[in-house]
Amino acid sequence: MASFPGRPDEVEFSVAGLGNRRGWFFPGFRGAPTIVLLHGYESSRGELLTLVSALQDHQYNVFVFDFAAHGANAGVTTFGYREADEVRAAIDVIAKRNDVDVTRFGLWGYNLGAYAALREAEKDPRVRALALDSVYDYPRQMVKIGCRENRSGRISGHGEVGADVL
């Protein structure tokens, strides 16, 4: 991590019922808001590094992590439904730092990440800004799109699909 551009800290946090997660915290201006970047389905935090760099250049703190069934994480995807719990756990751990504004978080998300961001923002007053791309109304809409694209009637990917989503 010491040679990684942007000088990130590795941050570990726990998600109830899902276990531990690891994320990268990229420091910006001390006391600045933090933007949490939330990747899409079949993606990972590594694919967001260009955006991390651009936001860090503007002195924002930036945090990225991988959802369940993505990156190195095992598990089941619920296309954003339970992933909102992962977002909340990430915000909670970053809010314990003394170098961020604990009252101002922004969430950027793409499809799965956008849905999870929207669910979390509804309940969390610390979330003051949202940038959402390709958000859907219900996770089952994303499942249907994935099934059509795959044409086999099954979702491919790193993990399983949670039955409660269907």
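A: Let's start with a term: a salt bridge is a side-chain nitrogen of Lys or Arg within 4 Å of a carboxyl oxygen of Asp or Glu. The general idea is that side chains of opposite charge can pair when their charged atoms come close. Before we look, note that this is a predicted model, where local features need pLDDT of at least 70, side-chain atom pairs count only at pLDDT 80 or more, and totals for chains, interfaces and linings use all residues. Residues are numbered from 1 along each chain as its sequence is written, and side-chain values use heavy atoms, with hydrogens and water left out.

Q: What do strand and helix mean here?

A: Both are DSSP runs numbered from the N terminus: helices are H or I over at least four residues, and strands are E over at least two. This chain has four helices and eight strands.

Q: Are Arg-22 and Glu-10 buried, exposed or partly exposed, and what are the cut-offs?

A: Buried means under 20% relative accessible area, exposed means over 50%, and partly exposed is in between (1.4 Å probe, protein chains only). Arg-22 is partly exposed at 47%, and Glu-10 is partly exposed too, at 46%. Across the chain of 166 residues, 48% are buried.

Q: Which salt bridges have a buried partner?

A: Here are two cases. Arg-104 meets Asp-101 at 2.7 Å, N to O; Arg-104 is partly exposed at 36%, but Asp-101 is buried at 18%. Arg-126 pairs with Asp-124, their closest N and O atoms being 2.8 Å apart, and Asp-124 counts as buried at 6%. Salt bridges can also share partners, and that links Asp-9, Arg-97 and Asp-99 into one network.

Q: How many bridges join β6 to β7, and in which sense do they run?

A: First the rule: two strands pair if DSSP finds at least two bridges between them. Strand β6 and strand β7 (residues 127-133) run parallel, joined by six bridges. On the β3 side, strand β3 (residues 34-38) pairs with β6 (residues 105-110) in the parallel sense over five bridges. Look at Gly-106: it faces Ile-35 and also Ala-129 in β7. To get from β6 to β7, the chain passes through helix α3 (residues 112-123), a right-handed β-α-β crossover. Right-handed means that, with the strands pointing away from you, the path from the first strand over the helix to the second runs clockwise.

Q: At what angle do helices α2 and α3 cross?

A: Axes are lines fitted to C-alpha atoms, for helices over the stretch in contact, with angles from 0 to 180 degrees between N-to-C directions. The axes of α2 (residues 83-94) and α3 come within 8 Å and cross at roughly 65 degrees. Contact, by the way, means heavy atoms within 4.5 Å. Among the residues making this one are Val-87 and Ile-91 of α2, and Leu-112 and Ala-116 of α3.
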